[in-house]
Amino acid sequence: MKPVSFIRQVLAACIYPELLENQTFPVDVRQRAQTLLDACEERSVGSYTDSSGLNHVRQSVAEFITGRDGVPCSASNVFISSGSQRALMVMVKLIASGEGDVPTAVLTPVPCRHTLPMLLDNAGVSLVPYMLDKDQGWAVDMSELHRAVNNARGHCQPKAIFISNPGNPTGHVQGRKSIQDVIRFASAERLLLLVDEVYQEYVFEDAAEFSSYKKILFEMGPMYSDTCEMVSFHSISSLGECGLRAGYMELVNIGPGVKHFVDTMLCTDISTPVTGQLAIDVMINPPKPGDSSYHTYMKEKEHIKDTLKRNCQKACEVLNNLPGVSCQPVMGGIYLYPCVTLPEETMKLAKELQVEAGPLYCEQLMQGQAVLIGSGCTHGLPAGIQQFRLCIMVPSDVLEEGLRRIEKFHYSTIKTSAPASQINTQSTLEM
Ligand SMILES: Cc1ncc(COP(=O)(O)O)c(C=O)c1O
């Protein structure tokens, strides 16, 4: 996506402070850059920071969370890292203690983002799957959570449950009751809650609303808010600035002894990229009404949200028109998760080559049309049915071109001519 100007301008001025001395950037950009540079050692983004992040940024995050939830957050509970994936790895490594017959395990949703199994594996932690309920738009199914934890005990030691809300790749957004149920479950089973809330700003369904786990936890009273251990993650990647590599986590009800080890683990990175840390500060503390950049900032943020919403509608429309493909509209997030009945040709070829049919379909699509989609879950689905993950956080024209190519590939694979209206450039995409 086109980067948000205010973020890039502040970063540019921090990287090249000579820009502060002229009128190239609006006054609030220069003021913000001055403030952020003052927070850096030697007023330079080229210096290391404390391993847990710049105090200034940790404080800004704490204020953002306090304002969002109406519940106090202390900067000492906020840890900045080089991406939320890194923060999650730190927490997973800290809980990994069991070995041999009783390894430590994390309850993990199926489907989940593709990097999660690798992360757990890398930390030497077992993955205990719990199926999300496809028929309920990939909601969390409490009976499935109980089944998963009960089955796991004896083979491994579940110590945490991972939740993605809004969900990657499902786009499901949990309601208040569902969050309360998960908190009660985690509390009763003494599981650490690892909550990925990276796409908290992206909720499209009118009836849905993002509620943070922290907020709901504190609404549930001291029985939970004083005891339930939780870590919540957020990231600058939510603005499409993934390459800046910065995220943060807030630790709730985690003792000082553990926090000391979190800090020690982050020391192995020496320091999170400073530009990324500053971008986090800008993300959670954007221009206010009256600031010179306010209108542009709001317009650009709205543009991202409108694009996601429009892309979601367009992609669902086009995909649902393809034979054997169905795609539910999502409630939020940046992915669609269509379901495809794989063409017979693909199934036959996969058998011949002795490979899995879903990844083969993706590979053929990539080789034939240069479109990369993620091969998703087949768990619980009949043979030949496959889910795919499609990122919609791209400019609309890029998505539309991608969809055109998917259409073309799909029809060529099923060896059926596409209805003319669907495949030419005046297709459904442009109506
Ligand atoms: C839900 C979710 N959380 C976390 C990440 C990774 O974030 P980061 O770039 O902060 O490591 C991704 C990346 O796709 C994601 O989709």
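So, helix 11, and what it sits against: its buried residues pack against helix 1 (5–15), helix 2 (27–39), helix 3 (55–69), strand 1 (78–81) and strand 7 (247–252). Bear in mind that this is a predicted model.

How many of the eleven residues of helix 11 are buried? Ten of them, so helix 11, running over residues 274–284, is largely enclosed by the rest of the structure. If you want to click through them, the buried ones are V274, T275, G276, Q277 and L278, then A279, I280, D281, V282 and M283.

Okay, next up, a helix pair. As a reminder, two packed helices are described by the angle between their axes and the distance between the axes. Here I mean helix 4, residues 84–95, and helix 10, residues 256–267: they pack at an angle of about 125°, and their axes are 10 Å apart. That angle makes helix 4 oblique to helix 10. As for handedness, the crossing of helix 4 past helix 10 is right-handed.

Which residues make that contact? From helix 4 we have V90, K93 and L94, and helix 10 brings in V258, F261, V262, M265 and L266. Sort the contact of helix 4 with helix 10 by class and you get seven nonpolar residues, no polar ones and one charged.

Last stop, the ligand. There are 13 residues around the ligand, and those that come nearest are G83, S84, Q85, S235 and S237. The class breakdown for the shell around the ligand goes like this: eight polar, three nonpolar and two charged residues.

That's my tour, thanks.

How values were computed
Residues numbered from 1 in each chain as written. Predicted model: local features only at pLDDT ≥ 70, side-chain atom pairs only at ≥ 80, totals over all residues. Axes fitted to C-alpha atoms, helices over the stretch in contact; angles between N-to-C directions. Helix = DSSP H or I, 4+ residues; strand = E, 2+ residues; numbered from the N terminus. Parallel < 35°, antiparallel > 145°, perpendicular 65-115°, else oblique. Left-handed = near helix turned anticlockwise from the far one by under 90°. Contact = placed C-beta atoms within 7 Å. Nonpolar A, V, L, I, M, F, W, Y, C, P; charged D, E, K, R; others polar. Buried ≥ 20, exposed ≤ 12 C-beta atoms within 10 Å, placed from the backbone. Near = placed C-beta within 6 Å.
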